[in-house]
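Please read it alongside the sequence and the model.

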Amino acid sequence: MLNTSTTSKCLQDLSFYRASCVSIEGRDWDSQGVAEAIYTRVNRGLKALNDLERQIVVGRYIDGLNWDDIADKVYYSERWCRSVRNKALEKLCVAMYNCW
């Protein structure tokens with residue numbers, strides 16, 4: 001199980017990714033390299049997930065969908081989607097930060 005700090009950092013990066021996923025280029029970042037590093041890290045994490053996990057994580061944290069909409073989209077109950085999300089976040093964080 002990952003510690004709360006790592007999970008929190010992972011969710012912050014997902015929020016940053018959501019805010020900037022339209023385009024990193026052309027934005028006035030203090031450090032373009034930081035934005036690109038987060039973008040790369042999030043994409044690496046998303047690639048580590050299976051299709052269902054990715055749909056749930058992207059739906060919730062990038063597209064901003066509520067649990068009811070996510071459940072309808074993937075044809076599973078909200079409770080099951082939350083359970084899948086918990087396991088997916090752990091896989092995501094491990095892939096993003098290379099922590100075990």
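Buried means under 20% relative accessible area, exposed over 50%, and partly exposed in between (1.4 Å probe, protein chains only). The model is predicted: local features need pLDDT of at least 70, side-chain atom pairs count only at pLDDT 80 or more, and totals for chains, interfaces and linings use all residues. Residues are numbered from 1 along each chain as its sequence is written, and side-chain values use heavy atoms, with hydrogens and water left out.

**Overall composition**
- The protein has five helices and zero strands, where helices (H or I, at least four residues) and strands (E, at least two) are DSSP runs numbered from the N terminus.
- Along the sequence the pattern reads α-α-α-α-α.
- Of the 100 residues in the protein, 37% are buried.

**Helix α3 and its ends**
- Helix α3 spans residues 51-62, and its buried residues are E53, I56, V57, G59, Y61 and I62.
- N50 caps the N-terminal end of α3, with a side-chain oxygen 3.1 Å from the backbone nitrogen of L52.

**Salt bridges**
- There are two salt bridges in the structure, each defined as a side-chain nitrogen of Lys or Arg within 4 Å of a carboxyl oxygen of Asp or Glu.
- In one, the side chains of R54 and D51 meet at 2.9 Å, N to O.
- R54 and D51 are separated by about one helical turn because they are three residues apart in helix α3.
- R54 counts as partly exposed because its relative accessibility is 27%, whereas D51, at 57%, is exposed.
- K91 forms a salt bridge with E53, and their closest N and O atoms are 2.8 Å apart.
- This pair links distant parts of the chain: K91 lies in helix α5 (residues 78-97) and E53 in helix α3, 38 residues apart.
- K91 is partly exposed at 35% relative accessible area, while E53 is buried at 7%.

**Negative surface patch**
- D68, D69, D72 and E78 form a patch of negative charge on the surface.
- Patches are made of residues with over 30% relative accessible area and no salt bridge; like charges are joined within 9 Å, and nonpolar side chains (Val, Leu, Ile, Met, Phe, Trp, Tyr) within 5 Å.
- Helix α4 (residues 67-74) gives the most to this negative patch, with three residues.
- D68 lies in helix α4 and counts as partly exposed, because its relative accessibility is 40%.

Definitions and conventions:
Accessible areas come from the Shrake-Rupley method with a 1.4 Å probe; for residues, only the protein chains shown count as cover. Lys and Arg count as positive and Asp and Glu as negative; His and the chain ends are not counted. The place of a charge is taken as NZ of Lys, CZ of Arg, CG of Asp or CD of Glu. A polar contact is a pair of N or O atoms within 3.5 Å; within protein, one must be able to donate a hydrogen and the other to accept it, and residues adjacent in sequence count only if both atoms are side-chain atoms.
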